[in-house]
Every structure is written in structure tokens, then in C-alpha cells.
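This briefing covers a few local features of the structure shown below, grouped by topic.

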Amino acid sequence: KLQALLVNLESHHLGKVDQPSFTHFYIDDLDSVSHRHGPMSGKTGSLLRLIDSELVKTADAAGEKIRIIVSADHGHIHVSKERHHILEADDELLSLLVVPPSGESRNPIFHVKDGLDEEFRTLFNSRYEEDFLLVSPDGLEHEKLMGPGSFSGTTRDRLGNYIGIARADSAIEYVKPAEESRGHRGMHGGLSKNEIQVPLFLN
């Protein structure tokens with residue numbers, strides 16, 4: 001099915017254009033399977049091999065008129081059950097926040113209520129200090145963890161008061177009322193090499 005779709009895209013591309021152009025094709029299956037089973041699972045590996053095989057067939061069928069470039073928007077890491085922390089809707093920590101945590105479970109963002117910073121830091125660190133480093137937007141900017149330059153006012157507003165930086169294979173997942181944990185084994189959004197570094201292949 002994947003190869004048929006790719007070949008149809010090629011046929012459309014070759015039949016419609018008479019000058020150099022670019023066609024983007026995104027395959028989301030690998031991300032979904034990595035989330036459910038973990039990036040190193042057998043199911044993820046099998047799907048990766050299938051995609052690789054179909055892309056090779058597509059490249060062979062396309063010939064020299066089409067160049068295939070393969071990359072990704074992020075990587076994944078496996079998060080162990082022991083380091084997958086769940087924040088239920090009635091958790092004490094949430095009572096100290098203006099809104100539930102935003103951002104990614106690997107780097108959650110916290111908007112703390114006025115006057116409760118010390119209480120929040122104490123409670124957070126008592127639970128998660130081994131797995132997360134609590135950093136302020138000023139700290140992020142100073143260490144240039146989001147790149148060079150100064151933050152805009154909008155960026156500062158979105159970063160809240162604190163950001164939890166995952167130290168290792170850890171995550172904090174907020175579960176909304178009447179919902180259940182997604183149970184992801186594979187996650188991304190952190191600052192590890194495996195999450196940030198992506199491949200680039202040219203045929």
C-alpha cells in the first residue's frame with residue numbers, strides 16, 4: 001500500500017510538472033508505533049524495515065528523474081514505567097498552578113500562581129528532583145537552551161514560571177479529568193541527543 005501511494009505521487013509529479021519542483025510526503029505510522037511500543041521494540045523495527053524497503057523500491061522505479069530525500073522531525077527515546085510520572089487532575093501540585101502543565105511530558109511547562117513559587121519548587125523537587133531539573137525562563141535564556149538571542153515577551157509568557165528539564169528517560173504526563181494515561185513507551189520533546197538528532201538520507 002505504501003509503495004502504491006508513493007508510485008502514484010511520482011506519476012502525478014512527473015505528469016504535472018515541466019520544471020524542477022518539490023513534493024512533501026509525511027509518514028506518521030512510525031511515530032505512532034514508536035509512541036505505543038517504544039522506539040526499540042520489534043514492531044517499530046519491523047515497520048522501519050518495511051518503510052525502508054518500500055522507499056528503495058520507489059527510488060528504483062523512479063529512476064533518475066526524481067531524487068528522494070528522507071529525514072525526520074524528531075527522534076524518540078524509551079521511557080520506563082518507573083520514570084513515567086502521572087499527574088492526576090486532583091493532584092496537590094496542580095492546585096499551585098494557574099493552568100495544568102503545558103509543553104511536552106519530557107519538558108513540562110508550569111504557570112505557578114502568584115506567591116506560591118517556593119511552595120511549588122519544594123513540592124516538585126521533593127517528588128521529581130532525581131528525574132527533572134526545574135529551570136526558570138531566565139535560566140533557559142542564559143544557558144541558550146532554545147538557541148541564541150533573547151526571548152520575546154510572547155515566548156516568556158508561554159514558558160510560564162518554570163520548565164522541567166528531563167534528566168534521563170523520564171516524563172511527567174498530565175491526565176485530564178475522566179481520561180486515562182496514553183501509556184506511551186516512546187516519547188520525545190526532551191533535550192537528549194536521541195530526541196534532537198535526526199537522519200538525512202539522499203538517494
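Ser-41 sits in the loop that links helix H2 (29-37) to helix H3 (42-62); helices (H or I, at least four residues) and strands (E, at least two) are DSSP runs numbered from the N terminus. The model is predicted, so local features need pLDDT of at least 70 and side-chain atom pairs pLDDT 80 or more, while totals for chains, interfaces and linings use all residues. Residues are numbered from 1 along each chain as its sequence is written, and side-chain values use heavy atoms, without hydrogens or water.

**Ser-41**
- Ser-41 has a relative accessible area of 18% and is therefore buried (under 20%; exposed is over 50%, partly exposed in between; 1.4 Å probe, protein chains only).
- The side chains of Ser-41 and Thr-44 form a polar contact of 2.9 Å (N or O atoms within 3.5 Å, one able to donate a hydrogen and the other to accept it; residues adjacent in sequence count only if both atoms are side-chain atoms).
- A polar atom of the Ser-41 side chain is 3.1 Å from the backbone oxygen of Gly-38.

**Arg-185**
- Arg-185 is in the loop between strand S8 (171-174) and strand S9 (186-187).
- Arg-185 is buried without a salt bridge (a side-chain nitrogen of Lys or Arg within 4 Å of a carboxyl oxygen of Asp or Glu).
- The nearest side chain of opposite charge, Glu-173, is 7.5 Å from Arg-185 (Lys and Arg count as positive, Asp and Glu as negative; His and the chain ends are not counted).
- The side chains of Arg-185 and His-84 make a polar contact at 3.4 Å.
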